[in-house]
Each structure stands twice: as structure tokens, then as C-alpha cells.
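This report covers strand pairing, the domain interface and salt bridges. The model comes first.

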Amino acid sequence: MEGTGLNQGVYPIDRFEQMRTPFYCYDMDLLHDTIKEIKQLTEGYPYVVHYALKANANPRLLKEMASRGLGADLVSGGELSAALAAGFVPNKMAFSGVGKADWEIRLGLEHEIGCFNVESVPELENINDIAGEMGKTAHVAIRVNPDIDAHTHRYVTTGTAENKFGVSKEMLPDVVTLAHDMPNIHLSGLHFHIGSQITQMEPFIMLCDSINELQSYFEMYDVHFETINVGGGLGIDYNHPDRHLMPDFEHYFGVFKKHLNLRSGQELHFELGRSLVAQCGSLITRVLYVKENRDKKFVILDAGMTDLIRPALYEAHHLIQNITSASNECETYDVVGPVCESSDVFAHNCQLPTTRRGDFIALRSVGAYGESMASTYNMRRLPGSVFLP
Ligand SMILES: *Cc1c(COP(=O)(O)O)cnc(C)c1O
């Protein structure tokens, strides 16, 4: 019964009437429950959970994550500054990404962040040089590309041999030796991140097997790692958000508890983005017009791809609900935005209760890669945000 306005009443429409649309609406209770669940499942294990800021860097959300003791996974100097401002502790920060600029490396070293996740030899050399100039030691993990297909959309798979991320397993021994020999580098671990929106556990099990194999290999040469970082990537249920407000974290962490052979004293790091925040967010937008062509009806929203680009970029599907209409009749619409691009479409042939100009529409499960990817293309205003309760 999705898309039929069943969720009506959950949203404070009166409050929304006062707001300029479109805006992101965040369910803070759900966020707290999600963090609590993760804490409970990792308690007693040498696990460190980082939040991947790129999923959503809204300052209010960052403060929640930081105040509950999560670490931060960063992919830019801007995220590093945002993480510091939100109160994340530098030694629980990991800096990822294939293209770290010198100023970003300097900023990380200046604040003595916990780890640089390094993706290539030239990057390693550059970090060693900059750390030398600054009289610092850079703590580093080598990102390994384990060549595992995460069976997800081709734009969000990162762990197969043909994409740009990480160092191949074949090259890894040389890179590890190189890192050990660099005077300003402290090699603390191995890093992995195989993709995003992964809904099956098999790729994570394969990742564990791959890590076990690598650790055994390196132990033959008496090489040991303090940390193993398995990245993020756990998917969420975009089709039935109300049925699965949280992903199955128990199953997810259970995979690592069961399949990964951590060595004594070793820490296991996670970098969760989407799975922490996606279900907490809805994009609230109003219907500008209902337009009828010969054989199609369009609902034209005041939100577009500039507010939420996932449908245009990844062919992503978000559940769409009319949270105003009390109509029992359903009609079929294409739900589109106002931006001058043919890809500015949120859904084709979407069943909604009879919809009128002025109705509020909720696009669900947009807490991750929604607000953080918003742009001002067409010189549009950036969406605002509200926090419930
Ligand atoms: C994007 C990213 C993450 C978070 O991915 P999710 O799928 O949102 O959990 C974690 N680690 C790295 C290195 C990333 O690039």
C-alpha cells in the first residue's frame, strides 16, 4: 500500500504550512534509536564505528553523531573542518579518497587525525614528504581493492579490479614494504570499502574471507596490522521504509563477528554512511501543478534534481507519498521536478491518491546522499531542514 498516503498524520502538516518548501525533514528519534542499536551490537567488541560524512553533513546531524562517540570518515578538507566543528575527536577520524590535495593532507596532519586511508604509491610518497616537512608522523592504512563485486549499481561499486579505488592485492606486499620503510609514515592497517547500497551479506562474507587470507599471508612475513577497516556500504530498504526503518544491523555485524578472524589487540573499524541516516530523512515538497498531457498526468513538484539528485544520477527509487490528500481514489502520475533537464524525474507511473496543487508530498529515505548532494543548478535555492520532534 505504499504511495497511498498511509503515512498521513505522522508529519506535522501545520508546522509544514509555515515552512518554505522544499526542505529536508529529519526524524531525530529514529537517528537516536539507530545509533543506540549500533552501540548495543558492537559493545564488548574491539569495534570502532565511524560515520561517513559524505552521506549527510548537516551540522545538527553531525553533532548527534559526535556527541554519541562515533568516529568520522572524511573525503575532503571541508569535511574535516565540518567534523572538527561538530566535535568529532581527531584521533577517531579517517581520511579517505583517491585524490587528497596537499592542503588537505596538511590539515589532517596539523590536527593529527587517526588515519589516512591511502589509495596509491604517489599519494603515500606525498604524505610522507609533507609529514616530513611538518615534523609529523602520518598514521596510514592502505586501501586494498579486493576485487569483489558488491552486486550493486555500477556507479556505487568500488571494490572490483577495473575501478579507480585502492591498491590491488597483487601490488599490496610491495606497497606495504614501501610504507614500512618511509620515515614519516606509521602503517597501522588495511582499509577496504567495496561499494554502497549492498543488501546481500555475501559480498561482506567474501570480504572477510579475503581479509583473513591477506592477514595470514602477511603473518608469514611477520607483518601485523593494528587495525582493519571494512568501510561502509550496508544498504537500506528504499521500497518499504516503514517496514525496515533500520537495516538489519544484527545480521551485518554478525557477519564480521562470525567470519572475520581478528588478531588479538586488533581493532575493527567500520565507516557507515547511508545505513545510519537514510531512513531518518524525508524531502518535503509541494505540488506546484498537476498537468495533463494526452495520455499522461504529471505531478510537478517544487523540489527537483537539485534538491535530490539520486533518481537522476543512479536511477534510484524513492517512495513517494502524498501526505495531504485524503482521497481514496488512486491515480497514476509521473512525478517530476521543475529543473530544465529530462532526467529531472522522481518516478514514472507512480500511484498516488488524487493529487492537487498545494498538496504536500514526502519523498522517503532521503537522509543519505540527499541534502549533501544538493546543488544550486538553475540558480535554485538550497533546500532547508527541520528536525522532528
Ligand atoms: C562512501 C564511503 C563510505 C560510506 O558508504 P555508505 O555506503 O554510505 O555506507 C565509507 N567509506 C568510504 C571510503 C566511502 O567512500
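Two strands pair if DSSP finds at least two bridges between them; helices (H or I, at least four residues) and strands (E, at least two) are DSSP runs, numbered from the N terminus. This is a predicted model, in which local features need pLDDT of at least 70, side-chain atom pairs count only at pLDDT 80 or more, and totals for chains, interfaces and linings use all residues. Residues are numbered from 1 along each chain as its sequence is written, and side-chain values use heavy atoms, with hydrogens and water left out.

**Strand S6**

S6 (residues 138–145) pairs with strand S8 (residues 185–191) in the parallel sense over six bridges, and Ile 142 stands opposite Leu 190 in S8. Strand S5 (residues 115–118) is also parallel to S6, with three bridges; Asn 117 has Ala 141 in S6 as its bridge partner. Between S5 and S6 the chain passes through helix H6 (residues 121–134), and this β-α-β crossover is right-handed (with the strands pointing away from the viewer, the path from the first strand over the helix to the second runs clockwise). Strand S7 (residues 167–168) runs parallel to S6 and is joined to it by two bridges, with Asn 145 opposite Ser 168 in S7. Seven of the eight residues of S6 are buried, so the strand is largely enclosed by the rest of the structure. Buried means under 20% relative accessible area, exposed over 50%, and partly exposed in between (1.4 Å probe, protein chains only).

**Domains**

The protein chain is divided into domain 1 (28–277) and domain 2 (279–388), with bounds from an automatic or database domain assignment. Their centres, taken over C-alpha atoms, are 33 Å apart. Domain 1 gives 26 residues to the contact and domain 2 gives 22 residues (heavy atoms within 4.5 Å). About 2,100 Å² is buried between domain 1 and domain 2, and carbon and sulfur atoms give 52% of this area; buried area is the accessible area (1.4 Å probe) that two parts lose on being put together, summed over both.

**Salt bridges**

A salt bridge is a side-chain nitrogen of Lys or Arg within 4 Å of a carboxyl oxygen of Asp or Glu. The rule gives 10 salt bridges, and one is found across the interface of domain 1 and domain 2. The table lists some pairs.

| Pair | N to O distance |
|---|---|
| Arg 364 and Asp 242 | 2.9 Å |
| Glu 64 and Arg 68 | 2.8 Å |
| Arg 263 and Glu 219 | 2.7 Å |
| Asp 334 and Lys 296 | 3.4 Å |

Asp 334 is buried at 3% relative accessible area, while Lys 296 is partly exposed at 29%.
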